Amino acid sequence: MTTTVPIIYSFKELNGVAEAVSDHIIATQNRTLFGDIRKDSGDVPATNESTTKVTTKKKKDTRPKRFKIALSGGSLIQVLNEGLLKREDVLWDKWDVYFADERLVPFDSPESNYGLAKRKLFDLLPEDKKPTIYHIDESLINDPQECADSYEKTLIKGFANKDSVKLPMFDLLLLGCAPDGHIASLFPNHGETLREKYAWVVPVENAPVGPKTRITLTIPVICHSHQVTFVVEGAVKAPVLKTIMERPEKGLPSSIVNEGAASRVAWFVDDEALNDVSVTKKKYKFLVE
Ligand SMILES: O=C1O[C@H](COP(=O)(O)O)[C@@H](O)[C@H](O)[C@H]1O
């Protein structure tokens, strides 16, 4: 069994993954802000109170469009640092930045995903170009369930209410993939977390890779994103990429998302990470969209 999801492959001569993924992010930003591709993620269906029948008529969303993006931590942040900071066409002040997962450590810990993004990205932007950032409540890091619930509430506010919007829809969700196949803080063999259907955010209390306690977006939320983009580099990732592409039946979290979001998934990988993959590669010469 092989996966049919195309790989968007960053050719070395096009300056590598950081450049290519930056072009992709900016193209997605521009389509979201100036195109018509985004479904109204914040719309609330009108309710006819006399019959309590929910109609499909939607209120027109008159709010200025924002680019709603979720970031992972880890190696992705360095890629963004190298690719995005030098660009002038990143409209940072129109970005709403959320996190795909967070490690429950203080923000000044080197292990904090928000802390890393802050130091390597947000702190380096001019004051008038900062995005709006939605991070966890640092005071709740000792209570994973509370922290997850609180972050879910943050999402609910950002994407209207949970009853009317069954799932939030990020314009772009950026994922790394660890050598064990975990994405965000969704780990292989964490069945209950991987099967979660209702919650948008869940606690993780026994992560096999430190820090042990985390919170993470769930698979349905990740797969509902308008665009899910993986960024994976280095020979250390070659075996896991082979498993994802050639053995989806193994059910790694990365494979579940790769299949679940299918046509909305893109992969940005370098030659080293792709080295072991033997399925037919669809190579796209990457052009600015
Ligand atoms: O623990 C985590 O690991 C993954 C993968 O990190 P990488 O450094 O191998 O790219 C990361 O995406 C996630 O946000 C993080 O919490």
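Reader: What counts here, and how are residues numbered?
Author: Residues are numbered from 1 along each chain as its sequence is written, and side-chain values use heavy atoms, with hydrogens and water left out. The model is predicted, so to speak, by rule: local features need pLDDT of at least 70, side-chain atom pairs count only at pLDDT 80 or more, and totals for chains, interfaces and linings use all residues.

Reader: How many salt bridges?
Author: The count is 10, taking a salt bridge as a side-chain nitrogen of Lys or Arg within 4 Å of a carboxyl oxygen of Asp or Glu.

Reader: What does Glu-19 pair with?
Author: Lys-86, with the closest N and O atoms 2.8 Å apart. Glu-19 lies in helix H1 (residues 16–34) and Lys-86 in the loop between helix H2 (75–84) and strand S5 (95–99), so the bridge ties together parts 67 residues apart in sequence. Helices (H or I, at least four residues) and strands (E, at least two) are DSSP runs, numbered from the N terminus.

Reader: Is Lys-86 buried or exposed?
Author: Exposed, at 53% relative accessible area; Glu-19 is partly exposed at 22%. Buried means under 20%, exposed over 50%, partly exposed in between (1.4 Å probe, protein chains only).

Reader: Switching to Asp-96. Which side chains does Asp-96 meet?
Author: Arg-66 at 2.9 Å, N to O, and Lys-68 at 3.2 Å. Asp-96 is in strand S5 and Lys-68 in strand S4, so that pair joins parts 28 residues apart in sequence.

Reader: Where does Asp-96 sit, buried or exposed?
Author: Buried, with a relative accessible area of 4%. Lys-68 is buried as well.
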